[in-house]
Amino acid sequence: MNRRLSSSLPHGQKTGKNSFLTPNDDSLRIRQSIEESLYTVRFNAHDMHAVMRAVKTGRKAAPSRKKRRMIRADLVFTLSFMIMIALPLTLYVIRSKENLTTIVLNNNPVTVSPQPASQLSSNTTHAGQGVEPTAQPEHEQLTSASPDLAHSEAVRIARECFETQCDTTIFTFEEYTVTTTYNDQRDQYAVSLESIYDNGCSFTVILSGETGSVIQYSSPKLATVPTRINNDSPEIGAWFDQHGKLLITWPQDVQAEFSRRYQGATIRAAKGGELTAEAAIATVRVPIESNAPGVFSAYYCALYSERASGSARAAYQVYCYAQEITDILPDEEPLVVTLDAQTGAILSYSGNLPESDLDLAAVFHMR
Amino acid sequence: MPSYTQEEREQALIRLMQTYGDSVKRLCCMYLRELGAAEDAAQDTFIKAFSHIDALLAGDVRNEKAWIMRIAINTCKDLLRSSWLRRFDRRRSIDELPLSALPDHEDNLALMQAVCALPPNLKELVLLHYYQDFNLRTCAHILGISSATASRRLQQAQQKLRHELERS
């Protein structure tokens, strides 16, 4: 991403694998601020159902309004505009540029963009397995300015920073690829961590090459919040090939592991003191089957973590279908019941019982 | 063009939704600054995409992500032009947006506000280029403008963002 961004950064700032990336980069900051704000906004099962229902019933998307055509200016107006405004303006601009060129030619040219910083870089796939730093060919002058701090020490400090700041219950340090870059002009190290799951999770630590003190680090949230998921990758494809195309039909531990790696752990496994998946399903199934037997025969659930809702409570969502689902979502919308993972209390539900006027609120003893 | 079964089309749509659903919804959320409208726009995007899914299955779409984002942007534009959203007060502060996790740092919050406050033609470019990671040429293609215009607009957006950030 950063390589692409570099082309348009102002003031000649450059970013890239081998350049010195600081969290101050505009591009990184824009991405961070959006990701931090919107990571809980997801295209969820409800959205997918709405789309599938629309597709199956042949509903069209809201019609787009046709653009109103601008009234075409007549020829006389266009010509007068050209003669009176556009032509003098163009001449003025050309004249100004000539003046500017002269100034630059007569004086020393001003360097608009700084030269790229000299760097040392090393890559490690896992912590502690560092490859000896290799000088980039274009930065051979570095030999005269080696840092006081060793690369391995920089990685160790970055690891400490990561483990202090980031949620290590999601990813451990070993689940990142570590890239270390040294900038001899600033005497700073940038240690970048990128998730090995190709999900966009990253964490960057800038530290002093002299003292080893941490100068800055990127948002800890982005170390565990995936920004992309490549469903076409063989690795992710293997998950769907093995377990089916619909995540809610997967076993709980598989859902949790997939979500941890690729969805920011928005789904997790039950902890001690929380309902098991079977108990959660039973909490929903028992009252439904006693009040409306035979309506639903297939129940699936997922335990949405605190991270999914941004609140302090985890909740199960139990999906009730008339028949077992395999690879394709059925036409009818499921009854979705949300219940507290700890107490099993029904928090809400959506959908209704088909061909039944049963009051679900009464079924679930809700007010 | 070969004909495809309904099941093949639906499978392709499900894959599209699983792959780009989150990105599309977030883009719509930033563009429209209203979650309800963003939900509608994201769903409409995939409904529209389904009507052209044969082209996708036939391999006529070169850049799938650019294709879906183009549909999303156009859907958002249509929605913005619609009478309902024009009546909707969109000059709300970011705190009122239905975002459950606002940025930690004040700087990032200010930046987020600045991006939200950009005019639509600049904002769409910023979102595509910085957030969706498209290069300028692809952005220009998605928006139906020339690369030069895209470049100029990006500079304008950068200037505006800088100005807003300095002011805040």
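Q: What makes a stretch of residues a helix or a strand here?
A: A helix is a DSSP run of H or I with at least four residues. A strand is a run of E with at least two. Both are numbered from the N terminus. In this predicted model, the elements of chain B run α-α-α-α-α-α-α-α-α from the N terminus on. That comes to nine helices and zero strands.

Q: How many helices and strands does chain A have?
A: Chain A has 10 helices and 10 strands.

Q: How do you know how confident the predictor is in chain A?
A: Look at the pLDDT, which runs from 0 to 100. Chain A averages 72, and 66% of its residues score at least 70. Residues 1-24 of chain A fall below 50, yet this stretch has 52 contacts in the model beyond near neighbours in sequence. Residues 124-144 of chain A also stay under 50, with 36 contacts beyond four places in sequence.

Q: Why is A:Phe203 called buried?
A: The cut-off is 20 or more other C-beta atoms within 10 Å. A:Phe203 has 26 such neighbours, so A:Phe203 counts as buried. This residue is found in strand β5 of chain A.

Q: Which residues does A:Phe203 touch, leaving out those up to four places away in sequence?
A: Contact needs C-beta atoms within 7 Å. A:Phe203 touches A:Phe162, A:Cys166, A:Leu193, A:Tyr217, A:Ser218, A:Pro220, A:Leu222 and A:Ala223.

Q: What makes β5 and β6 of chain A paired strands?
A: Pairing takes at least two bridges. Three bridges join β5 (residues 202-208) to β6 (residues 214-217) of chain A, so the two strands pair. They run antiparallel. A:Leu207 stands opposite A:Val214 in β6(A). The two strands form a hairpin with five residues between them. A:Gly212, in the turn, has a positive phi of about 80 degrees.

Q: How do you know that β8 and β9 of chain A pair?
A: Count the bridges again. Six bridges join β8 (residues 315-321) to β9 (residues 335-340) in chain A, and at least two are needed, so they pair. These strands run antiparallel. A:Tyr319 has A:Val336 in β9(A) as its bridge partner.

Q: In what order do the four strands of the open sheet stand?
A: The order in chain A is β7-β8-β9-β10, with antiparallel pairing. β7 (298-304) and β10 (346-350) of chain A each have a single partner strand, so they stand at the edges. One side of each is left without a neighbour in the sheet. From one strand to the next, the twist averages 20 degrees. Helix α8 (residues 277-291) of chain A lies across β7, β8 and β9, at about 130 degrees to β7(A).

Q: Why is A:Ala265 called buried, while B:Asp133 is called partly exposed?
A: Compare each count with the cut-offs. B:Asp133 has 19, which lies between the exposed limit of 12 and the buried limit of 20, so B:Asp133 is partly exposed. A:Ala265 lies in the loop between α7 (252-262) and α8 of chain A. Its phi is near 55 degrees, a positive value in a residue other than glycine. B:Asp133 lies in the loop between α7 (120-131) and α8 (136-143) of chain B. Its phi is positive too, about 70 degrees, although B:Asp133 is not a glycine.

Q: What makes helix α6 of chain A hardly covered?
A: Helix α6 (residues 234-243) has 10 residues, and the count of buried ones is one. After α6(A) comes A:Gly244, with a positive phi near 105 degrees.

Q: What makes a set of residues a nonpolar core, and which members of the largest one touch the most others?
A: The members are buried nonpolar residues such as Ala, Leu or Cys, joined through C-beta atoms within 7 Å. The largest core has 87 residues. B:Cys28, B:Leu32, B:Ala41, B:Ile68, B:Ala72, B:Leu125 and B:Val126 touch the most other members. Helix α1 (residues 6-32) of chain B gives the most to this core, with 12 residues. Apart from it lies another core, of 29 residues, including A:Ile288 and A:Cys320.

Note on methods: Residues numbered from 1 in each chain as written. Chains lettered and ligands numbered in written order. Predicted model: local features only at pLDDT ≥ 70, side-chain atom pairs only at ≥ 80, totals over all residues. Contact = placed C-beta atoms within 7 Å. Axes fitted to C-alpha atoms, helices over the stretch in contact; angles between N-to-C directions.
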